[in-house]
Amino acid sequence: MALSGVEIFKLLPKTNCKKCGHPTCLAFAMKLAQRQATLDLCPDVSEEAKKKLGEASAPPIRPITLGAGDKAVKMGEETVLFRHDKKFVNPCAFAIEVKDTQSEADIESVCAQVMHSEIDRVGQKLRIDAIVITNESGDAGKLETAAKTVAAKAAGVAVIINTTNAQAAEAAVKLFAGSHPVVYGANASNLDAMASVAKAHKAILGIAASGLEELSELTEKAKGLGVEDIVMDSGARKAKEIIEHNTLIRRAAIKKGFKPLGYPVINFIQRGDSMHEALVASVCVAKYSSIVVLSSIEKWKSVALFALRQNIYTDPQVPMQVEQKIYKIGEPKADSPFFITTNFSLTYFIVSGEIENSKVPCRLAVMDSEGLSVLTAWAAGKFTATKIAQFINDSGIDQEVSAKELIIPGYVAILSGAIEEKLPGWKITVGPREANAIPAFLKARG
Ligand code: SF4
């Protein structure tokens, strides 16, 4: 259970020595209670207090890393129910299922799709993060063969071994030594054996329960067996159940500090109909899933789910911004076109992408507008003639360009006269309102 600031204060040395960087022990205690400081800042705290505070200050949902290397996925560590309270921390992983009853060629094909699933959106790399290998056949040898194919064809991708047979799990998980896979399928009848496999191979234990009560009993037992890293499946499969269970789990962990449910959640949501699957997956993304298991990869589905995940896991209190500066796109010459826009990430990436598409080397001035888009920044007084003129003058760009022509977004055509007045010697040209018209605009200029 989380401790209050006063409860924490009682455990501190109370010397107000300031070594922690806070004026008093009470101020430090308040910061600890809000999770805005860490206990290691106080060098004088007693071992007993460290133990009590360490437990209390641990994140309510255990941080766990799935996979290893540059494709590893962090899960858990969440501290809030709603993203307007605080940013959600670790975006959920999307996993794709292969079955050991599929042909080798089919499994290889899925691996290839996973390896090529990465897209770049507003500067972030987004991809299918993991592969679930399901022991559909019930045959340990077939599971191992399928796992070998995945290990060879999707090297580096995080893996979830899905079987209730501990021996089959052991043979498959050996192929992913050191890469922190999940061994999923622990239940009331095989928990001891599956826990042994997970511990022996430093894997995450995936618990498959029928309902929340059984789930919390099983996680407690697994913990008692020495398993630290767990992902939980409550058995929910319908969207309504998933929302109910995932919400109850998150509430219990965060509001009540209920440790048996303080682990990342895995949801299996495979559907025959891809649209239906995408809709259920979007419920999981919004409502607290850490791993969403899909049946297939289609470009439209991946892009929609990646964009949703990205939006939900950005900080709503901090607009996504890029650095204020003059970017070169291609290798512009002194007389190449020169655009200006605001520093909202999406605006920058869309405008720069369209300039790239045009194949015309250009300069793009990106002005700090506190992450607002063009019209919003103009309305908020952050993208005005005075500020634009000052930015252009301060940038020293007039030493680099010969044409002294600045192309402004069509949405702020109204500023053209005022900018010309404030930037003597410059010609102000009104560009397109929408970025997708930039290639045609540049083509028309010749
Ligand atoms: S370092 Fe420890 S003892 Fe000193 S003021 Fe901070 S909390 Fe108190």
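Me: At what angle do helix α4 and helix α5 pack?
Reply: This is a predicted model, and in it helix α4 (residues 104-115) packs on helix α5 (residues 140-153) at an angle of about 35 degrees. Their axes are 9 Å apart.

Me: And which hand does the crossing of α4 and α5 have, left or right?
Reply: Right-handed, as α4 passes α5.

Me: Which residues make that contact?
Reply: From α4 you have E104, I107, E108, C111 and A112. On the α5 side, A146, T149, V150 and K153 take part. By class, that contact of α4 with α5 splits into 5 nonpolar, 1 polar and 3 charged residues.

Me: OK, moving along the chain. What's the angle between α6 and α7?
Reply: About 10 degrees, for α6 (residues 166-173) against α7 (residues 191-200), and the axes sit 9 Å apart. Angles under 35 degrees count as roughly parallel, so α6 and α7 are roughly parallel to each other.

Me: Who's touching whom between α6 and α7?
Reply: A166, A169, E170 and V173 come from α6, while α7 brings A193, M194 and V197. The contact of α6 with α7 has 6 nonpolar residues, no polar ones and 1 charged.

Me: Zooming out, how is the chain divided into domains?
Reply: Domain 1 covers 5-57, domain 2 runs over 64-312, and domain 3 takes 325-445. Going by C-alpha atoms, the centres of domain 2 and domain 3 are separated by 45 Å.

Me: Last pair of helices: how do α12 and α16 cross?
Reply: Helix α12 (residues 345-358) and helix α16 (residues 438-445) cross at roughly 45 degrees, and their axes come within 8 Å. That angle makes α12 oblique to α16. The crossing is right-handed.

Me: And what makes the contact there?
Reply: On α12, E354, I355, N357 and S358, and on α16, I438, P439 and L442. Sorted by class, the residues in the contact of α12 with α16 are 4 nonpolar, 2 polar and 1 charged.

Technical notes: Residues are numbered from 1 along each chain as its sequence is written. This is a predicted model: local features need pLDDT of at least 70, side-chain atom pairs count only at pLDDT 80 or more; totals for chains, interfaces and linings use all residues. Axes are lines fitted to C-alpha atoms, for helices over the stretch in contact, and angles run from 0 to 180 degrees between N-to-C directions. Helices (H or I, at least four residues) and strands (E, at least two) are DSSP runs, numbered from the N terminus. Angles under 35 degrees count as roughly parallel, over 145 as roughly antiparallel, 65 to 115 as roughly perpendicular and the rest as oblique. Two residues are in contact if their C-beta atoms, placed from the backbone, lie within 7 Å. Ala, Val, Leu, Ile, Met, Phe, Trp, Tyr, Cys and Pro count as nonpolar, Asp, Glu, Lys and Arg as charged, and the others, Gly among them, as polar. A crossing is left-handed if the near helix is turned anticlockwise from the far one by less than a right angle, and right-handed if clockwise. Domain bounds come from an automatic or database domain assignment.
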